[in-house]
Amino acid sequence: MQVLWKLALEPIAECTADPNSYGFRPKRGTADAIEQCFNCLARKNAAQWVLEGDIKGCFDNFSSEWLLNHIPMEKRILQQWLHAGFIDKGTLYATKAGTPQGGPISPVIATMALDGLEAAVFASVGPHRSMHQKLKIHVIRYADDWVVTSSSKEVLEQLVLPAVKQFMAARGLELSNEKTKITHIAKGFDFLGQNVRKYNGKLLIKPAKKSIKALLDKVREIIKRSASATQTQLIHKLNPIIRGWAQYHRHVVAKAIFALIDNAIWQCLRKWAKRRHPSKGAHWIKKKYFHRVEGRNGVFAAQERCNGETRITTLFNAVSVPIVRHIKIRKLANPFDPQWRNYFIQRYYATKPPYCPVH
């Protein structure tokens with residue numbers, strides 16, 4: 001039933017959504033939000049200050065009363081979902097606030113509840129568009145992650161931040177004082193797994209250190225738990241993780257980091273092979289586990305039989321993913337509006353991901 005109501009709500013949500021909201025909306029994604037950051041901050045005379053916002057327990061703290069009064073659907077059904085509770089380890093817990101726990105309709109409801117943030121920010125600095133342009137005010141949001149840019153730190157502190165707090169309070173939400181901060185673009189900030197920063201006046205967007213660390217920690221944990229696994233099994237466990245991470249970051253300045261990631265993983269695998277054969281020398285280990293494949297030496301690869309044929313399974317290299325500039329979706333594009341049909345058809349063929357070898 002929630003999926004059916006979601007199908008009905010999505011076209012409404014698209015028509016009422018903030019233009020620069022990119023989370024949980026069809027045909028939009030994190031790459032669009034990151035590209036909008038580049039558009040707003042890359043120029044020499046662009047905004048210099050960024051308000052980074054963080055909402056405490058966003059999905060769990062929405063005011064049920066506010067949702068019932070503002071979400072355009074049958075109130076009785078919505079109330080039942082909001083107050084249905086959830087079961088954890090056989091115990092029923094009541095839900096007095098928040099969106100339906102784990103429900104497919106939750107993202108749409110949350111997005112609709114946060115729509116209007118952009119208008120609230122613009123209204124806080126004045127009603128005229130010329131003032132917004134003068135102060136270089138931009139709002140970029142992906143679900144409950146958002147940033148506001150401005151040429152003035154004081155404007156963000158004295159006008160924008162109080163307006164945002166008032167906007168959130170009406171919906172039962174509260175900003176985190178520790179994670180909500182105002183940052184200069186020369187210092188940089190993390191947003192959706194990317195680090196956005198100007199180096200000597202040039203904006204570069206790179207994978208965030210936290211994202212790199214999370215990937216390597218996960219890879220190391222898999223390798224550690226695979227002490228008794230075969231080489232082929234280990235490769236099949238690692239490849240989707242490495243490929244997915246690299247594909248996510250393929251639109252930013254990431255080629256050098258891809259090479260560092262590959263080298264760090266290679267070192268971990270060398271230690272894994274050494275632990276399996278502590279009495280063997282480096283030359284023997286290299287001959288068994290690391291081979292020459294397609295002109296590359298030292299490739300972590302294994303032979304396996306499949307349908308009577310022998311094939312080589314190799315570890316996926318992040319550096320093999322090409323860096324491609326993402327084409328941002330137009331902010332007013334609506335996939336439910338027939339007049340945008342040709343645009344989305346052209347966009348589909350223009351943004352098809354490049355071929356990526358599976359290995």
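Visitor: Into which domains is the protein chain divided?
Guide: The bounds come from an automatic or database domain assignment. By that assignment, the protein chain consists of domain 1 (1-207) and domain 2 (209-320).

Visitor: How many residues does the contact between them take from each domain?
Guide: The C-alpha centres of domain 1 and domain 2 lie 37 Å apart. Contact means heavy atoms within 4.5 Å. The contact takes 11 residues from domain 1 and 12 residues from domain 2.

Visitor: What should I know about the origin of the model and its numbering?
Guide: This is a predicted model, in which local features need pLDDT of at least 70 and side-chain atom pairs count only at pLDDT 80 or more, while totals for chains, interfaces and linings use all residues. Side-chain values use heavy atoms, leaving out hydrogens and water, and residues are numbered from 1 along each chain as its sequence is written.

Visitor: How many helices and strands does the protein chain have?
Guide: Helices (H or I, at least four residues) and strands (E, at least two) are DSSP runs, numbered from the N terminus. Counted in this way, the secondary structure of the protein chain comes to 14 helices and 12 strands.

Visitor: What percentage of the residues in the protein chain is buried?
Guide: A residue is buried under 20% relative accessible area, exposed over 50% and partly exposed in between, with a 1.4 Å probe and protein chains only. Among the 359 residues in the protein chain, the buried share is 47%.

Visitor: How far apart are the centres of the positive and negative side chains?
Guide: Lys and Arg count as positive and Asp and Glu as negative, while His and the chain ends are not counted. Each charge is placed at NZ of Lys, CZ of Arg, CG of Asp or CD of Glu. The protein chain has 56 positive and 27 negative side chains, and the distance between the centres of the two sets is 10 Å.

Visitor: Is His 132 buried or exposed?
Guide: His 132 lies in helix H8 (residues 129-134). Leaving aside residues up to four places away in sequence, His 132 touches Phe 122, Val 125, Gly 126, Pro 127 and Ile 137. Because its relative accessibility is 12%, His 132 counts as buried.

Visitor: Which residue in the hairpin of E10 and E11 takes a positive phi?
Guide: Two strands pair if DSSP finds at least two bridges between them. Strand E10 (residues 290-293) and strand E11 (residues 296-306) pair in the antiparallel sense over 3 bridges, and His 291 stands opposite Val 299 in E11. The hairpin has 2 residues between the strands, and the residue with a positive phi near 50 degrees is Glu 294.

Visitor: Is Ala 143 buried or exposed?
Guide: Ala 143 occupies the loop between strand E4 (138-142) and strand E5 (145-150). Although not a glycine, Ala 143 has a positive phi of about 55 degrees. With a relative accessible area of 8%, Ala 143 is buried.

Visitor: Is Asn 200 buried or exposed?
Guide: The loop between strand E8 (194-199) and strand E9 (202-207) holds Asn 200. Phi of Asn 200 is positive, near 50 degrees. Since its relative accessibility is 86%, Asn 200 counts as exposed.

Visitor: How far is Lys 331 from Tyr 22 in space?
Guide: Lys 331 belongs to the loop between strand E12 (309-314) and helix H14 (341-350). Not counting residues up to four places away in sequence, Lys 331 touches Pro 19, Asn 20 and Arg 28. Lys 331 and Tyr 22 are 309 residues apart in sequence, and their C-alpha to C-alpha distance in space is 9.1 Å.
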